[in-house]
Amino acid sequence: MTSVIHDIGYRHYDGKRLGRAYAVRSLFTHNLRAAYGLGRPVKAKIMPFLLGAIMLMPAAISVAVTAIAAQVGAGRDIQLIRYSAYAIYLQPLIAIFLAAQAPVLASRDLRFHVTPLYFSRPMSRLDYVLAKYGAFTTALYMLLATPVTILYIGALVTKQKHIGSHTVHWLAALAGCLIFALVLAGLGLVVAAFTPRRGFGVTAVMAVYLLSTTAVAAVQGIAENQTQFGVAQWAGMFAPFNLVDGVQVWALRAKASAPEPPPSGLGGPVFTLVCAALIVGCVAILYLRFRKAGAK
Amino acid sequence: MSIIATRGLSMRFPGVLALDQLTVDIEPGVVGLVGANGAGKSTLIKILLGLLEPTSGQAQVLGFDAARDSMKIRELVGYMPEHDCLPPDVSATEFIVHVARISGLPPTAARERAADTLRHVGLYEERYRPIGGYSTGMRQRVKLAQALVHDPKLVFLDEPTNGLDPAGRDEMLALVRRIGGQFGISVLVTSHLLGELERVADHLVIIDGGRLLRSQAVSAFTQVSGVLVVEVEEEMDRLGEHLARTGLHVRPDGRLLLIDIADESTYDVIRDSVADLGLALVRMENRRHRIEEVFS
């Protein structure tokens, strides 16, 4: 017997060709996988999975402590972490995830000039931007909503009182997580899209988070010292986590978790409008960025 | 039917006229697009793909208008850009499957076509390793595979031999020839090296400074010129003088004599003259035009 590899020659493809919606969906999946390093070497998986695991720990510990407390009859004194406060408590960790993974989605294609391959296929630039934005939002949503859901499951398992209001708060927190994910994904992608080198991208995203948060905290501290509580509350709008928390407080009836709640009266609607404008603005900026990039 | 047709196509960038009233019709087959760097080759391809909007004029690809129906065109063509366009952290298999799906191939078909195409371009075991570790030759093959994976009707290959060593060049040119022949896919291939395209193309389009210099079948470039080339071992001058006396138009060209063919008898006159003078005839052949003459 001879061991010859037979070249069967070139075969044309005459099967089904799915349209643009499928192409966009494929790009979405590809980027969602990329956000967690899937389909890439182990090195790319370490950071997102490590951060994902750390994100779960406070929720798991909270559930465990509550369960033990219930066992020893101290259930009344111990409460689970509030669902809507989880993202605020863990914001440094979320910011690290954002900084580490935003460049993977936003600037990798620019840095390695992959965009011409997408734009020479049946896909518009807006399709491309929306698929990326959607993928990163979903990745962040998974990061935020999973621990919150673990808390809720913990509440069910440990048979917490007022489980009905637990359910309402949990659902409201899931909506809050989506707003967090939309705002943070937008900001992260925009900053990273203008810094093609990954290292700069990570630093830039981190810098935007730290500067906005510390500047707002400083302004709030000074304002409160001078009993300008209105100024302190309005200032919260300029730090992303504080902004979204304001929307949670006003639109989702959550208890304030950020240092300052939104100002009463006009504060809630304004925070919500700013949030919406931020999301739309980020899509617009990303679209313009990639429109220029593809034509070179 | 022509696969590409342009009418008065002009493209003006700030300070540069990249294409100047280009009107050309291209038939199916392997077509070489030749021009010096900056002659407008890449610009033409980008206009044909709808990635750039021409300043004036029209272009049609496979019967579709490049400005209006670019989505339809992009479904039917493949594009291999000139520059590096591959992400380093994914394997060739992962990337080509992804690209196939972006082109509309269902998941199973995408995997099959990716495997087939990578085999056709000559990538075997290495296709499971991240692209970052590939040689230039392997990268060029991956770039070619992404242009072919969706079985297009026409591929644009922009400088596919760029950066390859002589052996790599030969292999790439053989692949280009196979795509046009065995695969039955029309090819528009660019190069700044005329000699390369002369070997693989059926038809050559030569542009210079954005203007059409010549569009002709390769055979027409190299057709018989009506001049005989004669080489003798010694005493070339004596033969030249002898032939001139018989009324033939003779000019020396290095170690060769160039003789205009007056009629059928010219061959006999030369043979008899050589015999009469007792010279050693090395060769006597019809001179063909060389493609390089177009530029002189």
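Predicted model: local features only at pLDDT ≥ 70, side-chain atom pairs only at ≥ 80, totals over all residues.
Let me start with strand E3 of chain B, residues 30–34, which is mostly covered, since 5 of its 5 residues are buried, where strands are DSSP runs of E with at least two residues, helices are runs of H or I with at least four, and both are numbered from the N terminus. A residue counts as buried if 20 or more other C-beta atoms lie within 10 Å of its own, as exposed if there are 12 or fewer, and as partly exposed in between, with the C-beta atoms placed from the backbone. Residues are numbered from 1 along each chain as its sequence is written, and chains are lettered from A and ligands numbered from 1 in the order in which they are written.

Both faces of E3(B) are covered, with B:Val30, B:Gly32 and B:Val34 buried on one side and B:Val31 and B:Leu33 buried on the other. In pairing, which here requires that DSSP finds at least two bridges between two strands, E3(B) runs parallel to strand E8 of chain B, residues 186–191, and is joined to E8(B) by 5 bridges; B:Val34, for instance, has B:Ser191 as its bridge partner there. E3(B) also pairs in the parallel sense with strand E9 of chain B, residues 203–208, over 4 bridges, and in E9(B) the partner of B:Gly32 is B:Leu204.

Chain B also holds an open sheet of 4 strands in the order E2-E1-E4-E5, and here the pairing is antiparallel. Strand E2 (16–26) and strand E5 (64–65) of chain B each have a single partner strand and stand at the edges, so one side of each is left without a neighbour in the sheet. Within this sheet, strand E1 (residues 4–13) and strand E4 (residues 56–61) of chain B run antiparallel and are joined by 5 bridges, with B:Ile4 finding its bridge partner, B:Val61, in E4(B).

Turning to chain A, we find 12 helices and 0 strands, and the C-alpha trace spans about 80 × 50 × 30 Å along its principal axes. Of its 296 residues, 42% count as buried.

Helix H2, residues 42–71, has 30 residues and reaches 41 Å from its first C-alpha to its last, close to the 44 Å expected at 1.5 Å a residue, where the expected span is 1.5 Å times one less than the number of residues. A kink of about 25° lies in H2(A) at A:Met57, shortly before the proline A:Pro58, the bend being the angle between axes fitted to the seven residues ending at a residue and the seven starting there. The buried residues of H2(A), among them A:Pro48, A:Met55 and A:Val63, pack against H1, helix H4 (91–106) and helix H7 (125–157) of chain A.

Where the two chains meet, 33 residues of chain A are in contact with 34 residues of chain B. On the chain A side, helix H1 (20–35), helix H6 (115–119) and helix H12 (267–295) each supply at least two residues, and H1(A) gives the most, with 5 residues.

I will finish with backbone angles. Most residues other than glycine have a negative phi. A:Arg253, although not a glycine, has a positive phi of about 55°; A:Arg253 sits in the loop between helix H11 (240–251) and H12 of chain A, and counts as exposed, with 11 C-beta neighbours inside 10 Å. In chain B, the phi of B:Glu235 is likewise positive, near 55°, and B:Glu235 lies in the loop between strand E11 (224–232) and helix H9 (236–245), where it is partly exposed, with 14 other C-beta atoms within 10 Å.

Notes: Contact = placed C-beta atoms within 7 Å.
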